[in-house]
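Trainee: I've got the model open and would like to go through it piece by piece. Can we begin?

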Amino acid sequence: MFGTTKAYSGFSVDDIDAAKSFYGDTLGLRVSEDHGMLFLHIAGDRNILVYPKEDHTPATYTVLNFPVDDIEAAVDELSRRGVRFERYDQFKVDEKGIFRGGGPLIAWFTDPAGNVLSVLQE
């Protein structure tokens, strides 16, 4: 039934203007705004809806992963753009914030609303 639809995901933020600046300027994604909501235009022709929610609570899980070819370069560039990488007690990360403990190399960061994002090297 849904195998041929163009499904898309979405998540909430508490400040659309801050989200637009972060996703568009800091991360360099193409973004558009319609009816007070954002669409993140990512590779693969799939959009992600970012919508305002007054009582927004950040997700306790990663809402968006960005695969990269070189995690070192990605972390360095994002750091230069002001992104701060998260450190979680259950995951030992290196000085850059990269987890190297099994599976893909991954580094977590948050958007201005506190939603968790990551860059990962597969």
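Trainee: Where does Pro67 lie?
Mentor: Pro67 is in strand β5. Strands here are DSSP runs of E with at least two residues, and helices are runs of H or I with at least four, both numbered from the N terminus. The model is predicted, so local features need pLDDT of at least 70 and side-chain atom pairs count only at pLDDT 80 or more, while totals for chains, interfaces and linings use all residues. Residues are numbered from 1 along each chain as its sequence is written, and side-chain values use heavy atoms, with hydrogens and water left out.

Trainee: Pro67, buried or exposed?
Mentor: Pro67 counts as exposed because its relative accessibility is 53%. The cut-offs are under 20% relative accessible area for buried, over 50% for exposed, and partly exposed in between, with a 1.4 Å probe and protein chains only.

Trainee: What does Pro67 touch, beyond residues up to four places away in sequence?
Mentor: With those left out, Pro67 touches Leu120 and Glu122. Contact means heavy atoms within 4.5 Å.

Trainee: On to pockets. What lines the largest one?
Mentor: Pro67 is one of the lining residues, together with Leu27, Leu29, Phe66, Val68, Ala74, Glu77, Leu78, Arg81, Phe109 and Val119. On a 1 Å grid over the protein atoms alone, a pocket is an open set of points with protein on both sides within 12 Å along at least five of seven lines, as against a cavity, where a 1.4 Å probe fits but cannot get out; lining residues have an atom within 4 Å of a point.

Trainee: Which element gives the most to that lining?
Mentor: α2 does, with three residues. Both β5 and α2 supply at least two.

Trainee: And what volume and residue classes does the largest pocket have?
Mentor: Its volume is about 240 Å³, taken as the space filled by probe spheres set on grid points joined across faces, edges and corners. The lining has nine nonpolar, no polar and two charged residues. In this scheme Ala, Val, Leu, Ile, Met, Phe, Trp, Tyr, Cys and Pro are nonpolar, Asp, Glu, Lys and Arg are charged, and the others, Gly among them, are polar.

Trainee: Now the core. How many residues are in the largest nonpolar one?
Mentor: There are 25, and Tyr23, Leu27, Leu40, Phe85, Phe109 and Val119 have the most contacts inside it. The elements giving two or more residues to this core are β1 (10-13), α1 (16-26), β3 (37-42), β4 (46-52), β5 (62-67), α2 (71-80), β6 (105-110) and β7 (116-121). The largest share, four residues, is from α1. A nonpolar core is a set of buried Ala, Val, Leu, Ile, Met, Phe, Trp, Tyr and Cys residues joined through side-chain atoms within 4.5 Å.

Trainee: What about Tyr23, buried or exposed?
Mentor: Tyr23 is in helix α1, and it counts as buried because its relative accessibility is 0%. Its side chain makes a polar contact of 2.8 Å with that of Asp111. Such a contact is a pair of N or O atoms within 3.5 Å; within protein, one must be able to donate a hydrogen and the other to accept it, and residues adjacent in sequence count only if both atoms are side-chain atoms. Leaving aside neighbours within four places, Tyr23 also contacts residues including Phe11, Leu40 and Leu117.

Trainee: What covers the buried residues of α1?
Mentor: The cover includes β1, β2, β3, β4, β6 and β7. The buried residues of α1 are Ile16, Ala19, Phe22, Tyr23, Gly24 and Thr26.

Trainee: Which residue caps the N-terminal end of α1?
Mentor: Asp15 does, with a side-chain oxygen 3.0 Å from the backbone nitrogen of Asp17. Just after the helix, Gly28 has a positive phi of about 80 degrees.

Trainee: Last one: where is Asn115, and what does its side chain reach?
Mentor: Asn115 is in the loop between β6 and β7. Its side chain reaches the backbone oxygen of Ser12 at 2.8 Å. Asn115 counts as buried because its relative accessible area is 2%.
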